[in-house]
Amino acid sequence: NVTVKGVQTNLEDGEFDVMTKASRRASDEARNLIRSAHYKSLPDDQRELLLDRIYSKWKARGRQSIRAKLERRVAREARA
């Protein structure tokens with residue numbers, strides 16, 4: 001379930017695929033970061049912050065790419 005303009009709706013298969021791909025890309029980026037010497041030299045709190053930023057960035061990109069479609073669908077459902 002996702003909430004769009006205060007209305008809960010389910011992701012359709014294509015939308016779910018977009019979010020799954022975004023999650024995979026975040027994991028790939030995080031994995032590369034974790035393997036880096038720079039990451040290993042950081043304190044734990046900075047490591048956590050960097051990982052949070054990666055996942056937040058990719059999640060936002062996924063949401064942005066499906067936002068217009070979700071908004072149109074929610075508007076149609078509200079009129080029905």
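Which elements cover the buried residues of helix 3? The cover includes strand 1 (2–4), strand 2 (7–9), helix 1 (13–35) and helix 2 (37–41), where helices (H or I, at least four residues) and strands (E, at least two) are DSSP runs numbered from the N terminus.

The model is predicted: local features need pLDDT of at least 70 and side-chain atom pairs count only at pLDDT 80 or more, whereas totals for chains, interfaces and linings use all residues. Residues are numbered from 1 along each chain as its sequence is written, and side-chain values use heavy atoms, without hydrogens and water.

Helix 3 has a kink of about 50°, centred on Arg 67; the bend at a residue is the angle between axes fitted to the seven residues ending there and the seven starting there. Among the buried residues of helix 3 are Trp 58, Gly 62 and Arg 73, buried being under 20% relative accessible area with a 1.4 Å probe, protein chains only.

Two nonpolar cores (buried Ala, Val, Leu, Ile, Met, Phe, Trp, Tyr and Cys residues joined through side-chain atoms within 4.5 Å) are listed below.

| Core | Number of residues | Residues |
|---|---|---|
| Largest | seven residues | Ala 26, Ala 30, Leu 33, Tyr 39, Leu 51, Ile 54 and Trp 58 |
| Another, apart from it | five residues | among them Met 19, Ile 66, Leu 70 and Val 74 |

Leaving aside residues up to four places away in sequence, Leu 51 touches Ala 30, Leu 33, Ile 34 and Tyr 39, with contact meaning heavy atoms within 4.5 Å.

Notes:
Buried means under 20% relative accessible area, exposed over 50%, partly exposed in between (1.4 Å probe, protein chains only).
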